[in-house]
Amino acid sequence: MKILLIGATSAIAKAVARIYAERHASFYLLARNEERLKELADDLIVRGAAAINSQVLDLTDTTSHAEVIQNAHKALEELDIALICHGTLPDQESCESDFAQAEKALNVNGLSVVSLCTEVSKILKVQGSGTLAVITSVAGDRGRQPNFVYGAAKSMVSTYLQGLRGKLLPYNVHVIDIRPGLVDSPMTAGFEKGPLWSTPELVAGKVVRSIDSKKHTVYVPGYWRIIMAFVASIPEFIFKRLKI
Ligand SMILES: NC(=O)c1ccc[n+]([C@@H]2O[C@H](COP(=O)([O-])OP(=O)(O)OC[C@H]3O[C@@H](n4cnc5c(N)ncnc54)[C@H](OP(=O)(O)O)[C@@H]3O)[C@@H](O)[C@H]2O)c1
């Protein structure tokens with residue numbers, strides 16, 4: 001199995017990679033921190049990975065994406081799974097008062113992902129097989145006051161994936177939108193944790209099962225589908241007064 005892991009040093013990506021390493025997958029890893037990337041590569045080899053190649057880059061540099069993804073494809077020779085995991089959780093208040101902050105958040109969580117999907121799709125289309133899986137978020141389901149800039153970026157990606165899924169269907173390419181709820185990872189280090197929180201390992205298990213079984217839109221854990229359906233059903237005249 002040949003896997004391209006984008007944002008490979010994210011807690012969720014690492015947990016996913018460990019599962020595939022035990023299945024003796026070959027990896028191409030993309031991340032921006034060289035030291036953490038090397039640590040991950042060493043860990044995956046110990047766990048059974050067949051081969052590892054990697055490249056260090058800032059994923060918001062969209063001008064490099066075409067070449068980077070082609071290099072990954074060349075190294076792997078074929079592409080069974082491309083999983084996009086990078087992201088940041090911006091400070092909502094700063095984004096509201098300073099557009100540069102909002103732009104940064106929209107670039108990393110939205111536009112860079114669309115650019116990567118574009119390049120990966122071209123390869124999978126020609127290949128006539130493979131899965132493109134993207135970690136979005138339940139935050140994209142409705143614009144909530146505490147995180148609507150992040151939510152807007154994730155929502156854009158989810159909408160994009162809905163259309164792309166249909167476009168790639170005739171080419172035997174599968175597109176999965178994975179929407180985690182609250183996950184205890186470096187991204188949420190400063191948050192108080194409660195019963196609705198899950199671990200990167202739990203999310204990773206569901207990501208792998210969803211790819212195996214060709215699901216299309218996955219809430220992780222599954223109860224977030226019910227929570228978000230309820231949130232979506234709140235009438236706007238009430239919702240606009242809620243700070244949830
Ligand atoms: N944690 C949650 O509650 C939660 C909930 C829903 C969805 N998600 C989504 O799940 C995905 C994984 O997040 P996580 O929870 O595993 O958090 P994480 O461990 O903090 O991972 C985020 C990763 O994104 C990378 N990254 C950020 N900006 C980048 C850039 N410009 N170029 C390259 N890499 C960049 C970070 O790299 P560095 O390590 O170098 O900083 C980090 O490895 C994200 O898309 C996130 O939005 C998370």
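These legends accompany several close-up views of a predicted model.

**Figure 1. The whole protein.** The secondary structure comes to nine helices and nine strands. Along its principal axes, the C-alpha trace spans about 55 × 40 × 35 Å. The radius of gyration is 18 Å, which agrees with the value near 18 Å that a compact globule of 244 residues would have. Of the 244 residues, 40% count as buried.

**Figure 2. The shell around the ligand.** The ligand is surrounded by 27 residues. The closest are Ser10, Leu59, Gly87, Ser185 and Met187. By type, the shell divides into 13 nonpolar, eleven polar and three charged residues. Helix H1 (11-22) supplies at least two residues of this shell, and so does strand S7 (182-183).

**Figure 3. The largest nonpolar core.** In soluble globular proteins, nonpolar side chains tend to be buried together. Here the largest nonpolar core holds 68 residues. Leu5, Ile6, Ala17, Phe27, Leu83 and Val134 touch the most other members. Helix H5 (residues 99-127) gives the most to this core, with nine residues.

**Figure 4. Phe27 and its contacts.** Phe27 is one of the core residues that touch the most other members. Neighbours within four places in sequence are left aside here. Beyond them, Phe27 is in contact with Ile3, Leu5, Ala17, Leu44, Ala49 and Ile52. Among these partners, Leu5 and Ala17 also belong to the group with the most core contacts.

**Figure 5. Strand S4 between two parallel partners.** Strand S4 covers residues 81-84. Four bridges pair S4 with strand S1 (residues 2-6) in the parallel sense. In that pairing, Ile3 has Ile81 of S4 as its bridge partner. Strand S5 (residues 131-135) also runs parallel to S4, joined by four bridges. There, Ala82 stands opposite Leu132. Both faces of S4 are covered. Ile81 and Leu83 are buried on one side, and Ala82 and Ile84 are buried on the other.

**Figure 6. Leu124 in helix H5.** Leu124 has its place in helix H5. Leu124 counts as buried because 24 C-beta neighbours lie inside 10 Å, and the cut-off for burial is 20 or more. Not counting residues up to four places away in sequence, Leu124 touches Leu79, Gly130, Leu132, Leu168, Tyr171 and Val173. One of these, Leu132, is the S5 residue opposite Ala82. Gln162 gives a sense of scale. Leu124 and Gln162 are 38 residues apart in sequence and 17 Å apart in space, C-alpha to C-alpha.

**Figure 7. A cis peptide bond at Pro221.** Most peptide bonds are trans. Val220 and Pro221, however, are joined by a cis peptide bond, with omega about -15 degrees. Pro221 lies in the loop between strand S9 (217-220) and helix H8 (223-233).

**Figure 8. Two residues with positive phi.** Most residues other than glycine have a negative phi. His24 has a positive phi of about 65 degrees. His24 sits in the loop between H1 and strand S2 (26-31). His24 counts as exposed because 12 C-beta neighbours lie inside 10 Å, and the cut-off for exposure is 12 or fewer. Glu77 also has a positive phi, near 75 degrees. The place of Glu77 is in the loop between helix H3 (65-76) and S4. Glu77 is exposed, with 8 other C-beta atoms within 10 Å.

Key: Residues numbered from 1 in each chain as written. Predicted model: local features only at pLDDT ≥ 70, side-chain atom pairs only at ≥ 80, totals over all residues. Near = placed C-beta within 6 Å. Nonpolar A, V, L, I, M, F, W, Y, C, P; charged D, E, K, R; others polar. Rg over C-alpha atoms; globule rule 2.2 N^0.38 Å. Core = buried A, V, L, I, M, F, W, Y, C linked by C-beta atoms within 7 Å. Contact = placed C-beta atoms within 7 Å. Pairing = 2+ DSSP bridges.
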